[in-house]
Structure formats: structure tokens, C-alpha cells
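Hi,

Here is the structure for you to look through. Please open it next to this email.

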Amino acid sequence: MEDVLSFIEWPTIIIMFSVLVTGLLINEAGLFQWIAIKLVKLTEGDFRKIFFSLIMLTILLSSVVTILVAAIIIGRLTISIADALDVDPYPYLISEAVAVGIGGATSLVASPNAILISDFANLDFVFFMVYTFPFSIMVGLITSLVLIKIIGNLGEVSELRKTVLMEFEEWSVVPDIKLFYLSAVMLVAMIIGFILFPAYIVALFIAIIYLLIRRKPLNEIAEELEWGDLFFFIGIFIIVGGVEHTEILQEIGSALGTISAGNPLIPIILIMWITGLSSGFLDGVTIVLTFMPIIDELVKSAGFSELFPLFMIVLVLSTNFGGSMTPIGTPASLLIVSLASSKGVHISFKNFIKLGSIIVFMNLAIATVYVVALSFIF
């Protein structure tokens, strides 16, 4: 039993749990909704600007509260905006569902994949801010422009509806002013803490402090948390840990090292595309847990130890970007699709994969060029 439990990366589970709790509580304070409405009002009813703002806000929010919480916030907000402007929310929701995976690569806490990789490779918050955050934002900008081009018609809005939008009071989504400002302070404190201290300690500390201040019953919070995801991750830890114990994954890593023939670009490109395309159909957590020990053995056997951080960047980008191919690629994408369905907006698997495939192949190609360029720096 002790051997089985040793397979579980408890710091990773603590980060996932704590960030989800903090994200849910901050969401209740209306902070992110307030920011989103302010941003949308700045567009003055221009659908292209609204579309662009919602997608980029989804990606940016992911960097601090995970892609799952960001998907909940932006998905609900999009439906509210579409209702207010009397337009079809379909093009906005399917685009957000496709783009949300990009946000998973922005920071150490943005997605389960990033949390796992940072814990395994001992990568800190600053590492992500330097190597993945700016690049993910750039990819998000490109993706937004391409999606606008592909979708084309985003609807038309009357002057009356524009007036309704401009007169919408953003403070109406804030239930408690003191809690609103407290949430802003706690969020900034969490980001600073990630830079200075171990992520799991900071995440747990902020979650506890917020729970004490918020005084919300634990049973209510427990009902809102995605326990299924946490137990799924624990199960995957145990399964992959057992496979790793057989040393099969190490043998695969050694074989990749032999194939590379001293050229690190061969395994870098192979891993980018194999893990990226696989993540569209298999959960990214499974892919990450499978390939981390493979990469660990690869860099040792092939003499690429100095490039180990680069291989981790590859895994962060590929598994998050690749999840955008299908609605089952990431829980966040599936959540937006489910939310859309509950509001009578049907996003079919066929339509999603048609749009998702274009975005994934484009983003993986851009990411490949990026990591190849980085290989000359590491």
C-alpha cells in the first residue's frame, strides 16, 4: 500500500485542490466578471473586438485560476453577453472551447499538465513567465485572428442593443465590495507568492486564508469542487507509476536516445507532435505522466541533460495546445461545450474537430519553430 501511495505526487494534488478552491471563491466575489464586463464595454459593441477580448481574457485568466475556472467564468459571461446583444453565442463558445487549451501553458498553475511538469522538473513560476507565458499570449493572439477569419460572420447588433451594453452596470455582478477588493489583494499576493516560495505551499496557504475570511461552509465548497478530476489524477498517478516501476518507459526513452544519434532536434520534434496530437484524444495528464519518465531517461542516455528544461517546455506546450483538437481534449473544453448545450447551443464533435484541427496543427507548427530556436539558446 505504501508503495502505491508513493506513486502519487501529493504536492501536485495540493496545488490542484487549492487553486480550484481559491478560484471558486474569487469567482463568487465577482472580480473576474467585473473585469470582463469592463473589457467588453470598452469594445463599444464591436463584435470583432468582443470576440477577441473574450478569447484573450480566457487565456489570461487561466494563468492564475486554471483553465477550468476560466472556462466557467468566460462561458457563462459569453452567454449573458449574447443574450444582452441578441446574437447567436455559438461562434463565440466554440472558439473559446478551442482556444482555452492555450491558456493551460501560460503558468505553473494554469493546467494540471503544467502543475505536474513543474513538480516533476522542479520548475518555478518565473520559468513559466519567461518561456511559456509570452509565447502562449502570442499564440493566443494569432489564434484569435485566425478564428475570426474562419468564422467570419459574428452577428450584427442594433444601436439600441449597443446602448444596453454600454449602460450595463459592471458593479451589479459584485455581491460584496469588501470581498471584491479582498479578492484582488489575495490574487496579487498569490502571484507574488508563487514567485518567492514553493507553489504548493503558497496555493494551500492562500486557500486556507481565503476560507477563513470567506467563512463559507465546507460542505458547500465540497459540492462545487470537481472531485472526479482529482480522483482521476490520483488514479492515473498510480497506474503510470506502476508502469514506470516495470522500467518499460525508461526503455522507450533509451530507444529514443539511440534514434536521435546525438541530434536533440529529432526527439524534440517527435515528442512535440506525438504528445500534441495524442492530447486531442487522450487526457493530457495521462500523456504527461507517461512521457516525463521517457524524457528523463532520454536526456540521460543520449547526453542531453542540459536540454532537460527545453524538453519540459515542449511537453507543456504540446499537451496543452494539442488538447484543443477535440471537445474531450481538455475538461475545460468539454465544460464549455456542456454549458453551451445546457443553453440550447449544440456544438457537434464534427464541427469542433474541423475547427480544432486547423488551430492545433497551426499552433504545434509555431511551437515547433519556437522550441527549435530555443535549442540554440539552452
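**What I found**

Start with helix α16, residues 284–302. Its 19 residues reach 26 Å from the first C-alpha to the last. That is close to the 27 Å expected at 1.5 Å a residue (the expected span is 1.5 Å times one less than the number of residues). Helices here are DSSP runs of H or I with at least four residues, numbered from the N terminus.

This is a predicted model: local features need pLDDT of at least 70, side-chain atom pairs count only at pLDDT 80 or more, and totals for chains, interfaces and linings use all residues. Residues are numbered from 1 along each chain as its sequence is written, and side-chain values use heavy atoms, leaving out hydrogens and water.

α16 bends by about 25 degrees at F291 (the angle between axes fitted to the seven residues ending there and the seven starting there). A proline, P293, follows within four residues. After α16 comes G303, with a positive phi near 75 degrees.

Now take V372, which sits in helix α19. V372 touches L265 and I269, not counting residues up to four places away in sequence (contact means heavy atoms within 4.5 Å). V372 and L310 are 62 residues apart in sequence, yet 9.4 Å apart in space, C-alpha to C-alpha.

Last, confidence. pLDDT is the predictor's confidence in each residue, from 0 to 100. The chain's mean is 79, and 80% of its residues reach 70 or more. Where pLDDT is low, the predicted coordinates should not be read in detail.

Best wishes

Technical notes. Helix = DSSP H or I, 4+ residues; strand = E, 2+ residues; numbered from the N terminus.
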